[in-house]
Amino acid sequence: MARGLAASANKDNKTCMSNSATRPKITVIGCGHWGKNIVRNLAGMGALGAVADRDTARAAALAENYGVPSVSIDDALRGEAHRALAIATPVVTHAELVSTALAAGKDVFIEKPLSLTRADAEVLLKTAREKNCILMVGHLLRYHPAFMKLLEQVHSGTVGHVRHIAAHRIHYWPAHPDESVLADLAPHDLAMIDGIVASLPDQISVHAYSYLQEPNADIAQVHLQYGKVSAHLYLSRLNPYKEHRFTVLGETGALVFDDSKNWDEKLVLSRPEGPSVHQAIALEMDEPLGREMKHFITCLETRAEPLTGGEHALRVSTILEQLLEAA
């Protein structure tokens, strides 16, 4: 199933989209740093309907820039004119906003993670099913060309049976100082791990440390065990050097996705021996967020289950809750 969905997401980027006049219009709630990127992408696709933000001046300025209405958050959540929403707000607001939108029968894209608890995620998924609404979670790296190619290589057996996954996600200063580094950074890697082992781990251990943002952890080390496959996450918001590296070790080699590298070095296949120990894998240059938004639009048009919806989102929220409890 994962391979079929990934292929579908890839196809979204190679197929000409429907005419912008008939394309679904999406209202964006949250016009901060990341919300502005979503607005930019949707506007470029002719799919931006309106914007909303608790900072009404910020929303009005963005609306004027892109020639769309600025509306209240309540109107966006409940108004009949707004059939599809893209929500980019702090994670603590997700459950309430998504619940209200789904209850009103709206299709929703929500930034990662869906929620911080399994219970909230289950309620939201149940409502989405009952209302026949599309619910898609913004696990951006699942749409990154390098990760999609890595997943293709893993499923084709390029490195044999997977035995270990190592994720290093470190940079300087918290983007979300009111959240633990686990809530802020771990969902990226949990979503990618789920593409490889779509299940819940048998064992979890967490070591988290708070230095500058007490009581929220700034650094965390996580170990997950999925049967014979282990995964280790090192997360830090206090490192002056950025490193976003995801390594999949198999029985015959390793695949390394390093998002801090140039495009021609982002994905490398490594073998323990042979004439070419480290071989770069060619990638299609494409903005992951653009791919993600195109996939959401396709799901709106076809009513297909999103690549990062349903059970995938539930597993990520479940594991995240366990990590936060164990920290």
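Me: How many aromatic pairs does the structure hold?

Reply: Rings of Phe, Tyr and Trp (its six-membered ring) pair if their centres lie within 6.5 Å; planes under 30 degrees apart count as stacked, over 60 as edge-to-face and the rest as tilted. This structure holds four such pairs. F109 lies in strand 4 and F296 in helix 9 (residues 288-302), so the pair ties together parts that are 187 residues apart in sequence.

Me: What should I know about the model and its numbering?

Reply: This is a predicted model: local features need pLDDT of at least 70, side-chain atom pairs count only at pLDDT 80 or more, and totals for chains, interfaces and linings use all residues. Residues are numbered from 1 along each chain as its sequence is written, and side-chain values use heavy atoms, with hydrogens and water left out.

Me: What is the strand order in the sheet of five strands?

Reply: Strands of a sheet pair through backbone hydrogen bonds, either parallel or antiparallel. Helices (H or I, at least four residues) and strands (E, at least two) are DSSP runs, numbered from the N terminus. Two strands pair if DSSP finds at least two bridges between them. Here the open sheet runs 2-1-3-4-5, with parallel pairing. Strand 2 (48-52) and strand 5 (135-138) are at the edges, each with a single partner strand, so one side of each has no neighbour in the sheet. Four bridges join strand 4 (residues 107-111) to strand 5. E111 stands opposite G138 in strand 5.

Me: Which strands does helix 2 lie across?

Reply: Contact means heavy atoms within 4.5 Å. Axes are lines fitted to C-alpha atoms, for helices over the stretch in contact, and angles run from 0 to 180 degrees between N-to-C directions. Helix 2 (residues 33-44) lies across strand 1 (26-29), strand 2, strand 3 (84-87) and strand 4. Its direction is at about 165 degrees to strand 1.

Me: What is the order in the sheet of eight strands?

Reply: That open sheet reads 7-8-9-6-10-11-12-13, with mixed pairing. Strand 7 and strand 13 (278-280) are the edge strands, each pairing on one side only. The twist averages 15 degrees from one strand to the next. Seven bridges join strand 7 to strand 8, and these two run antiparallel. V206 stands opposite V222 in strand 8.

Me: Which strands does helix 10 lie across?

Reply: Helix 10 (residues 310-326) lies across strand 7 and strand 8. The helix runs at about 55 degrees to strand 7.
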